[in-house]
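Hi everyone, thanks for making time. I'd like to walk you through one model today, and please do follow along on the screen.

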There are 4 protein chains.
Amino acid sequence: MSIGIGVIGAGVMGADHALTLSRAVGGAHVAAICDADAERAARVAREVRAPRTHADGMAVIADPDVAAVLVASPDHTHAELVLACLKAGKPVLCENPLSPSIPACLEIVAAEQALGRRLVQVGFMRRFDPGYVGLRAGLAAGRLGAARMLHCVHRNASIPGFFDGGMLISNAAVHEFDIARWLLGQEIAAATVFAPPGAGDMLDRLFLVLETQDGVLVDIEVFMTAGYGYDVRAELVCAHGSIARRPADPVRVCHDGRESTAVAADWRDHFGAAYQRQLQAWVQFLHTGQPTGGASAWDGYAATAVAAACVSALAAGRREDVRLEPRPAFYS
Amino acid sequence: MSIGIGVIGAGVMGADHALTLSRAVGGAHVAAICDADAERAARVAREVRAPRTHADGMAVIADPDVAAVLVASPDHTHAELVLACLKAGKPVLCENPLSPSIPACLEIVAAEQALGRRLVQVGFMRRFDPGYVGLRAGLAAGRLGAARMLHCVHRNASIPGFFDGGMLISNAAVHEFDIARWLLGQEIAAATVFAPPGAGDMLDRLFLVLETQDGVLVDIEVFMTAGYGYDVRAELVCAHGSIARRPADPVRVCHDGRESTAVAADWRDHFGAAYQRQLQAWVQFLHTGQPTGGASAWDGYAATAVAAACVSALAAGRREDVRLEPRPAFYS
Amino acid sequence: MSIGIGVIGAGVMGADHALTLSRAVGGAHVAAICDADAERAARVAREVRAPRTHADGMAVIADPDVAAVLVASPDHTHAELVLACLKAGKPVLCENPLSPSIPACLEIVAAEQALGRRLVQVGFMRRFDPGYVGLRAGLAAGRLGAARMLHCVHRNASIPGFFDGGMLISNAAVHEFDIARWLLGQEIAAATVFAPPGAGDMLDRLFLVLETQDGVLVDIEVFMTAGYGYDVRAELVCAHGSIARRPADPVRVCHDGRESTAVAADWRDHFGAAYQRQLQAWVQFLHTGQPTGGASAWDGYAATAVAAACVSALAAGRREDVRLEPRPAFYS
Amino acid sequence: MSIGIGVIGAGVMGADHALTLSRAVGGAHVAAICDADAERAARVAREVRAPRTHADGMAVIADPDVAAVLVASPDHTHAELVLACLKAGKPVLCENPLSPSIPACLEIVAAEQALGRRLVQVGFMRRFDPGYVGLRAGLAAGRLGAARMLHCVHRNASIPGFFDGGMLISNAAVHEFDIARWLLGQEIAAATVFAPPGAGDMLDRLFLVLETQDGVLVDIEVFMTAGYGYDVRAELVCAHGSIARRPADPVRVCHDGRESTAVAADWRDHFGAAYQRQLQAWVQFLHTGQPTGGASAWDGYAATAVAAACVSALAAGRREDVRLEPRPAFYS
């Protein structure tokens, strides 16, 4: 009755997922785990009471006690692992990105269609965040009218090690691409990227303006050295009002002339509830087969395609169109 | 490896606990459930994938697949069930109140001491609410100095059916008694209760002023027909600052001349995270034996004793002392 | 066309009023000023471009260029000066209290009635504070239903020099008495005062519970060494909702893990707009004769009477009735 | 001692200024007023106790009782009137824009330099708004580090009558241009303007991205039919934190499941304090000669020049450079 999950990757992300699965989600357990660092895999396995570790992801996928797979290994390994899951007929929750390569994304999309069943979910966990869920529900309620503009802010306290303009887009802004598509129910049609002059390789911020098919403007601040905390906000401006997602610390402190609330220190602090709900919904899906509302392989492809257009727009210093394949009915 | 929980009572409270256990807590499952209404028990059992139902609480406790018990039956049945759990040597999480009767509470306290192991936890879930946890952590951090006053607000949108002054105290204000004791780390020494004149049996609100051993003043608004929502707040005023728990909706709406956030509709909406964390911590305790920080049998006794003093104070129209037995070292 | 105002007292309060009159109010000017400290009077006169200083308050009142008088001298001198204004037929805005003495207040009330014209306004400036004005308007709008409870918080960062329990009441809490009467449109009928045990002369806080004629409960926290700032709040709880006055700094800062806004440093910072609006309304009244909505001599008397009952209640350690003379029709 | 102000224009803007001068500013009075609609001028004159009206602006400027002039007539008349004030040697506070024409702005700049005295102030009242003042002070304090990005939001509830893309820029966004220059202490170097496709003449919103000399990105949402209210916000993102200006209603209401505060209905409601402080500072300047910090003729020119570049960028659909004359030392 409890479903066995195989976790591929025991780094920060994988370990977090495994821990959440073992403590804060019912109806499932970690059946196996692997990592390039075998000791790390063993340590996490003990912590989450997983009965076994494997040498690599393919072994996890092949394990008969593994009914579904969670991929949290390095980005470039995702596509191969997801394709293997499809081949094995096992549902897979793959951390973003589905793949950094557009052809690889399309290969997954094709394979899943050939299989005829939706087994792939991409870990755009914001779709389960109470704030973004509230934005979408607020728009759907209709009282505020149609969407007009979407302002997005994505701030990290600091960037660990080297990070170039491309990574600002593919690792940070990409979450905004997915959430904009999901909130607005529209594809992104064009992108313009503004970078501060003279930053060179030390680029720590970008400002992006996306245009959707139907003319909604989406602007995105990406700022990776904001210092004060991890802060992700959004405001959806509609015809008759606006809805915003903002930090919501329930504890207010008055001290030393200020009234204050906490800002999250990092993404785990900020999106903890989103990660828990994503996994809880996914496990419900594993039990019942009912869709979770999570991102599909198609959504993973679209996010990668928008990211690629933004990288081009940054390099070229001008507005670039986003060119997407026609969306198959399978994904509607 | 997954611990079997027996749930006694499948009403709103029990069903909620069972659902949380089955979906949002790892490492445990509902092994059995019972309710005076057998059909209701069966329905909840199906929903939470519990393998079996029982005719009564004693049968749940006796079930060999039940390693720990969750009591969510009517208040007057609590003491007998908790005593049976102690006799069976099974950990029990008992919904508030431990018992409405002071002697019954003391009997449990005595039985648990005789057993020599702490098996009883009372379901004062607020101790796991992120807001109250933040208040306690803020006080413990020391920067704000010693506690001076605690303002508590307890509002319900409406009261279903008949509710008298006593119930305002024993069913609503009692949560404030426990949280005040827990936040301040002090016992309540005296109580004064103000009621609006002429309300008679239609009493829907009270204002209580408690004094702790060390002279901290605690005031409590209980208002059961506040109409606009379920709203529980607290402000802890310290020597050098204050810390407050307040609603924290992450979604802000601008519409029709107002900027607004949602207030919870009911206690489940408001304290959902607290209930989940209480159960998660309790299951961790069942696995590891490490204390959860939840309320003990002694805390259950103290809450009932403060409630009794408040009922007297309301009836007598004057300040009443709270008389507590000396606290056994077992509970320190 | 510009009305000459005589200002009695050039201390912090008087100097502030004079400065506000000269800079932020139209249609009036400071015609004369006096102070026990003649040098201070001269300094303020220069700053506000007042043409002359006088040796004492009686000379200010007698000055033919003075059409109206602002009394900001020590409390015990208020009554005599206000009576002199009435005798001279000159409108007077007297800083709180009208008089610390109940008989003196009643003498003023009698004199004003005998004169047959309302010339006295007491400087309960909160009646002009946008926050409290909003509370009153919110109640009057009717949508929230009748008032049920009023929670008041009155915090000072620190107390300069000696301050006893009586002064906590007469100098701090008295503003809450007036605002409660004004917001609720009801007289205070009884008072209970809670003081922390063992504080003796070092008393820096009190908690008061007032009951109005119609059974509304008003609780007041007075805390004079709150440290973090000057903070005055209120929440008016009604049958179908609540309205609160809270600090409203338009500037929000994110820094060092916190999102924060400023709390006022002192009463000038906090109530600056209220003082400006009080004077502006008073000058409009001087020009047009239209009532300002400010506190009358009767209101000054009532505030002093409630304060006296609270001082008794504190000393006696029990609930005290507030005994007011019947309100003359002249003041309705 | 009270300074006579001549007000040119008695429309909404001029009447408001005249009223503020007569009620909420000390040390000055309205000495004369004119309007194309003589009856309207007479009505406002009565309301603000102005002794006389004139047939036109030139007569107001020539009036010997008029020591300083406030220009609130239609935009295209501003330059001529300001030049006449300079010729008469009278200080002038001119409503925005100084002139819609760049050459006219430069003519004023030249005339003022030739005179050798700074007599012209442009009515960019936001420089006196407590929120923007707080942003500038926060940046100047240094703790947050250098400015990185500035997000601006400018929403009107509705647009009265016809409004084209140019007017969105010259009448609405222009206030953002000035405040950005003032907050950042940098000139705008380039502009890109995004308009929703297919809006044609019904254009009610724009999104602008400005780049300053030193590489700060400024984005501006202009949305003239936001429906819910008048809402102007800004967030200044710095190296180590951010500072935002947001609505700050001191009255919070809980009702019908929502906790809410008011959003301003219109610009008077929103910027009332800014207008009062602008006039109060200007009158202080008239008395003392000390600079107010208000916008100079140069600032008026720069705002018009940025607006012109934005109009070009909108028409051309691409990034445009802003070309400014070199700034004369006279204006530094």
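**Where chain A meets chain C**

Let's begin with the contact between chains: 15 residues of chain A touch 15 residues of chain C. Before going on, please keep in mind that this is a predicted model.

So, which elements of chain A supply two or more residues to that side? They are β13, residues 251-255, and β14, residues 258-262. The largest share comes from β14(A), which provides five residues. If you sort this side of chain A by residue class, you get six nonpolar, five polar and four charged residues.

Now zoom in on that strand with me. β14(A) is joined by five bridges to β14 of chain C, also residues 258-262, and the two strands run antiparallel. To give you one pair to look for, A:E259 has C:T261 as its bridge partner in β14(C).

Let's turn to the inside of chain A and its domains. The domain assignment gives domain 1 as 3-125 + 273-296, and domain 2 as 127-267 + 301-315. Their C-alpha centres are 26 Å apart. Where they touch, domain 1 of chain A contributes 19 residues and domain 2 of chain A contributes 13 residues.

Which elements give two or more residues to the domain 1 side? Here we have α5, residues 102-115, and α8, residues 267-288, of chain A. Of these, α8(A) gives the most, with five residues. By class, the domain 1 side has 13 nonpolar, five polar and one charged residues.

Between the chains, look at β14(A) and β14(C), running antiparallel and joined by five bridges. Within chain A, look at α8(A), which gives the most to the side of domain 1 that touches domain 2.

Conventions
Residues are numbered from 1 along each chain as its sequence is written. Chains are lettered from A and ligands numbered from 1 in the order in which they are written. This is a predicted model: local features need pLDDT of at least 70, side-chain atom pairs count only at pLDDT 80 or more; totals for chains, interfaces and linings use all residues. Two residues are in contact if their C-beta atoms, placed from the backbone, lie within 7 Å. Helices (H or I, at least four residues) and strands (E, at least two) are DSSP runs, numbered from the N terminus. Ala, Val, Leu, Ile, Met, Phe, Trp, Tyr, Cys and Pro count as nonpolar, Asp, Glu, Lys and Arg as charged, and the others, Gly among them, as polar. Two strands pair if DSSP finds at least two bridges between them. Domain bounds come from an automatic or database domain assignment.
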